[in-house]
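Please examine the structure shown below together with its sequence.

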Amino acid sequence: MNFLKRISPQLIILLVLCLISSVGIITEKVISSSSSSVVNQKTIIIDAGHGGFDGGAVAADGTVEKDINLNISSKLEKMLKLYGFNVVMTRTEDIGTDDINSDKVASRKKSDLQNRLLLMKKYPDSIYVSVHLNKFTTTAASGAQVFYTKNYEEARVLGQSIQESIVNTLEPTNQRVIKQGTSATYLLHNAKVPAVIVECGFLSNKNDLKKLKNDEYRSQMAFAILGGILKYYEM
């Protein structure tokens with residue numbers, strides 16, 4: 001027991017990732033037994049961007065953003081739960097969060113965003129991490145980048161922690177800096193808790209796309225985001 005206490009949380013999660021790769025599954029028993037006293041039930045809302053009727057950005061080869069967002073978010077959820085966090089997911093399958101009966105995409109999108117925002121109000125002591133992918137008119141743009149709400153100073157700190165973790169873990173040549181969200185970003189503009197959007201790469205860049213389509217890389221991205229969250233909580 002004393003030996004386990006001397007192992008850093010980062011090493012524990014790395015060992016877990018190796019186990020996932022070799023075995024392909026972790027039982028609930030292992031998860032619960034490893035997370036007992038690491039976190040005092042802090043709540044993290046993980047938002048897998050888009051979903052259902054709203055596919056988000058689409059790559060030249062037809063790869064749809066919403067699917068990769070959900071995959072990375074689901075991996076991150078499992079890692080956070082291993083640490084004992086209370087994780088709330090905006091969606092766990094390919095569905096939107098809208099709740100209106102309408103054929104108008106704009107109306108459904110508004111409802112979808114409002115319902116995601118309502119989760120922040122429901123969990124006022126949480127942080128909100130939204131997972132997305134980027135796309136740009138030029139194929140040269142690449143690399144992950146974090147955006148944060150101006151409503152909370154803690155969001156800037158969280159965003160910087162995640163950006164640095166991604167750079168240190170996956171993208172050592174990435175020179176992008178975190179940016180404050182604008183009024184054009186509904187969730188960040190109206191955020192009721194410290195909130196960030198993690199753009200995990202560009203679907204318009206062939207190298208980013210190749211990596212994002214790789215399951216192992218998506219696990220690494222989830223791990224990098226986790227590292228930023230742990231740093232934010234100074235664990």
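His 50 lies in the loop that runs between strand S1 (43–48) and helix H4 (65–82); helices (H or I, at least four residues) and strands (E, at least two) are DSSP runs, numbered from the N terminus. The model is predicted, so local features need pLDDT of at least 70 and side-chain atom pairs count only at pLDDT 80 or more, whereas totals for chains, interfaces and linings use all residues. Residues are numbered from 1 along each chain as its sequence is written, and side-chain values use heavy atoms, with hydrogens and water left out.

**His 50**

- The phi of His 50 is positive, at about 65°, although the residue is not a glycine.
- Most residues other than glycine have a negative phi.
- His 50 counts as buried because its relative accessibility is 14% (buried: under 20% relative accessible area; exposed: over 50%; partly exposed: in between; 1.4 Å probe, protein chains only).
- A polar contact of 2.8 Å joins the side chains of His 50 and Asp 54 (a pair of N or O atoms within 3.5 Å; within protein, one must be able to donate a hydrogen and the other to accept it, and residues adjacent in sequence count only if both atoms are side-chain atoms).
- Leaving aside residues up to four places away in sequence, His 50 touches several residues, among them Glu 65, Asn 69, Arg 91, Arg 116 and His 132 (contact: heavy atoms within 4.5 Å).

**Aromatic pairs**

- Two aromatic pairs are found in a search of the whole structure (rings of Phe, Tyr and Trp, the last by its six-membered ring, with centres within 6.5 Å; planes under 30 degrees apart are stacked, over 60 edge-to-face, the rest tilted).
- Phe 85 and Tyr 233 form a tilted pair, with 5.6 Å centre to centre and 40° between the planes.
- This pair links distant parts of the chain, 148 residues apart: Phe 85 is in the loop between H4 and strand S2 (86–89), and Tyr 233 is in the segment after helix H9 (215–232).
- Phe 85 is buried at 4% relative accessibility, and Tyr 233 is buried at 18%.
- The rings of Tyr 232 and Tyr 233 are edge-to-face, because their planes stand at 70° with the centres 5.0 Å apart.

**Whole protein**

- The protein contains nine helices and six strands.
- Of its 235 residues, 49% are buried.
- Among contacts between residues at least 6 apart in sequence, 80% join residues at least 24 apart.
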